[in-house]
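Please look at the structure below with its backbone in mind. The report that follows starts from a loop and then turns to a helix and some strands.

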Amino acid sequence: MSVMAIRVRQKVLAPRARWMIIAAVVLLYLVPALWSTYRLTQIDEIVSFCLVVIGLNITMAVAGQDVIGLAAAFSFAGFCIAVPLQSAPHMTLAGMCVIGVVSAGLLGALLALPTLRVAGFYLGLTTIFLAELIPQVAQYWSVTGGQVGINLFVVAGFSPLLSGWTLYAVLLTGALLATFFLWLLISSPLGRRFAALRSSEELTQSLGITPYVTKIVSVVLGAAFCGVGAAMYVYSQQFFAPGSASVTTVILALAALVIGGAGTVWGPLIGSAIVFGLNSFISFSDYGGIVFGLLLLLFVMFAPGGAKDLVKIRGVAQRMGAATRRRAQPGAATVADSGRLGAQFRTGGAPPARPPEAGAVAARENGAVGAGPVPGGGPEPGPDLRVIAARKAFGGVVAVADADLTVSSGEVHGLIGSNGSGKTTLLNLITGYYTLDAGQILLGATPLSGKSPHAIARRGVARSFQTPKIIANSTALDNVLIAVEQKHRAGDIGSLLRVGAARAASQANLARAAEALARVGLENRALDRAGDLSHGNQRLVEIARCIAFEPTFMLMDEPGAGLSPAELDVLKLAIRGLASYGIGVLLVEHNIPMVLEVASRITAMHEGTVLFDGPPDELRRNPRIADAFLGETLRAEFALDEGGPK
Amino acid sequence: MSLAITTLIAGIAVGSVYALIATCYSIVFLGTRVFNLAQGDIVVMGLVVSYFLLDVYHLPQIVTLVCAVAATTLFSVLEERLIIRRFLKLGSAGFGWFIGTLGLALVLETIWAILMKSQNPVPIPSPLGSKPLHLGSVSIEPDFVLCIAVTLVLVVAVALFYSRTYIGTSMRATAEDRDLAGLRGIKPGQVSMIAFAMAGVISGLAGYVLAPIAQSDVSIGLTYGLFGFIGLAIGGFGSLPGALIGGWLVGIGQQVFDVYINPNYDLLAGLILLLVVLSVRPTGLLSSRSIRTV
């Protein structure tokens, strides 16, 4: 779909959606009119827990980390706020928020640092453990007030400035600001790094992003929101006790997240209202655990998208469901964002009237593909990438045995060989996904061996994967944008809040991303959800992402697999274009005719060793190699045009 | 001195239950890549069955044992069929199973609390009687001996299953890839079913031997489950001897902490122990290779 079409759709939809949101927000502020003051305190409690659900949404749904017990940060921060409050009763709500954010954030870091070194679910279990232990420890500890907890009514001098409707309005504003932050986050560089992390750790590394650090940032950020929730709770409920939060709270928060819609902007608000509303307005006596446990279980099993899935199941108001989905999808927020800036990359005038499938091919015919300078001007021709006597064994199987390989900048170097000959292993060794048993890998004079994949990527070695690794739920443009942002950093906080120099920088980045997409002929699909693209187009998105990363070397793992002949032509042009701007391309490929056509040098591997290394013509003339790698038919075919590549 | 030895033996006995839970986690994870958070409450099911059959209906011990194991095994198989298989179908990328099994744990814990609410918290009789064994000046509860013996037998049996039987070796070989199991003539569904059934049998036995020790406290499911996880993490994920050693270490540490320091803070001590071990040796004591992320 073209940018224009997106805009048209927005013009039709936007005013209605905007009025719906404004009406809903006004109604939210008027909620207290429905009940007495006693209920108001309960509603304040629901708003406090909403912040916990927003935090959970960031860490679990946006960044994909299984921190299911994150709500433990709420109990921890609650006591951290309530205990000093006894001796400093004049503390403001803002002061309490600061303590909450700092204490919860520190706790998040303390738990995440050791557990994330092992596996995601270790952190999940550790946080549940914490949710179980905080109330148990607190009820025996005199500092936290024992079983009764800390009651602020009885503290001399504690007289909150805000109360009643004003307090509710302030808390609700806080929750709405947090929701707005969530919306900004999803379409910010940090949000895109989170999306990459959720989609695949290998992808994150290939873009030079450190997964471990990004995970910890997501946990600390989520915990910080729980800290704000704790401050709101202490301020409005005026007590904090072991019973304030427990494992049941963890489950209620998860249920709110799932039912509201995990990963969506409005989900936490809606889910909290439903789940915590039910919990405080209806008495389930002893059966609450069964009701909410089953509710959670049934939703994750049969409606993992939340309440809107139920609408779909019943077939009731399908149009309403579609509208909600469009607004709610993380990708949709980005579409709105890119739509506004979209005009920037439509420099070539109106798109040709062609079916969208022909996008890539159309661009090739227009001469867009492979033309123009590499984004950012292109790196100077630099040092070679050298593999010296590399060796790697898996158990008793030697996958790579003393292989040598040199890729120079500006050349296309083909790497061929049958399945299991060690091509992909060699590629994984160069990019740091495997560690060498022996040998050396050098970029110029700098050893790459022993470095982590993200460190190697940061030195300018980009790679694509055998199975394309794309962020399915983001747009094609966002998939490329994330690579641009690793080269041209715009400042996380500035770009998130859309202020200052970062605003201009992110506009420039958007243009760079669009340009990279245009180089593979996909500018017409820029705002499509990447998961909806055809397999071939997904590969091209991955290549555009590598281009946008502005590498000095680009390692492609079977980029031609599954491409149509037209798409293969686009690929060939793109590869040649890259080489002509000084990038060294290592092409691992089974499509021998294509390798013979584009490569200026070819290395052939067999059972882990290098059998041949030289120009394509020499390979054709070498009968032993030709037999092994070209086969009878191809040999005959190439014997006809002995003159060399077309 | 005799207090120290009694503490040590009590620690090994409680630790044995953690070791059994850790073994269940490993078996289920190996077969399905799922970490069953309801495991602790399935062990408590064995305890609840023991309480009702022995204290309320006064049935013989052997009948109780059979019923406890049958109940937990049936429940585990049903859990696999009705819940886990759904998540396996949805793909391992989501965190559905993680949340789902936590929800199930809460449901079970609530049911056990409701069932026991109107019951007298009387002790559950031990199959070996209540007369302590005397070794010199040290007296040992027979329940502890039973608990340790059953655990040793079960861990050895599981180890033999994985190393000596065709299905066992196939399950181990194909743990990384469910579809690979098909190449050895085993349906992926069969693998997860067997894993859950094994965990069910072990949980039932664990609940039965735990009953005289834990008395009729049924709120311990999640706590035991979490201590089992700490044992697993300390011993080394995926290693059977690791689960045993880790479980015992946690049990002994907990009993020593309770007797000599302060029983109110043993959960906190457990968490600190876990964080320290993971900081120093992330893969645990007995596992040298790092586990694959889920």
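The loop between α1 (2-32) and α2 (39-56) of chain B holds B:R33, a residue that has a positive phi of about 65° although it is not a glycine. Most residues other than glycine have a negative phi. This is a predicted model, in which local features need pLDDT of at least 70 and side-chain atom pairs count only at pLDDT 80 or more, while totals for chains, interfaces and linings use all residues. Residues are numbered from 1 along each chain as its sequence is written, and chains are lettered from A and ligands numbered from 1 in the order in which they are written.

Helices (H or I, at least four residues) and strands (E, at least two) are DSSP runs, numbered from the N terminus. In chain A, the loop between β9 (553-557) and α23 contains A:E558, which is not a glycine either but has a positive phi of about 45°. A residue is buried if 20 or more other C-beta atoms, placed from the backbone, lie within 10 Å of its own, exposed if 12 or fewer, and partly exposed in between.

| Residue | Other C-beta atoms within 10 Å | Class |
|---|---|---|
| A:E558 | 20 atoms | buried |
| B:R33 | 17 atoms | partly exposed |

Helix α23 (residues 565-580) of chain A has buried residues including A:V570, A:L571 and A:I575, and A:G582, which follows α23(A), has a positive phi near 90°.

Strands pair if DSSP finds at least two bridges between them. Strand β11 (residues 601-606) of chain A runs parallel to β5 (residues 412-416) of chain A, joined by 4 bridges, with A:H413 opposite A:R601.
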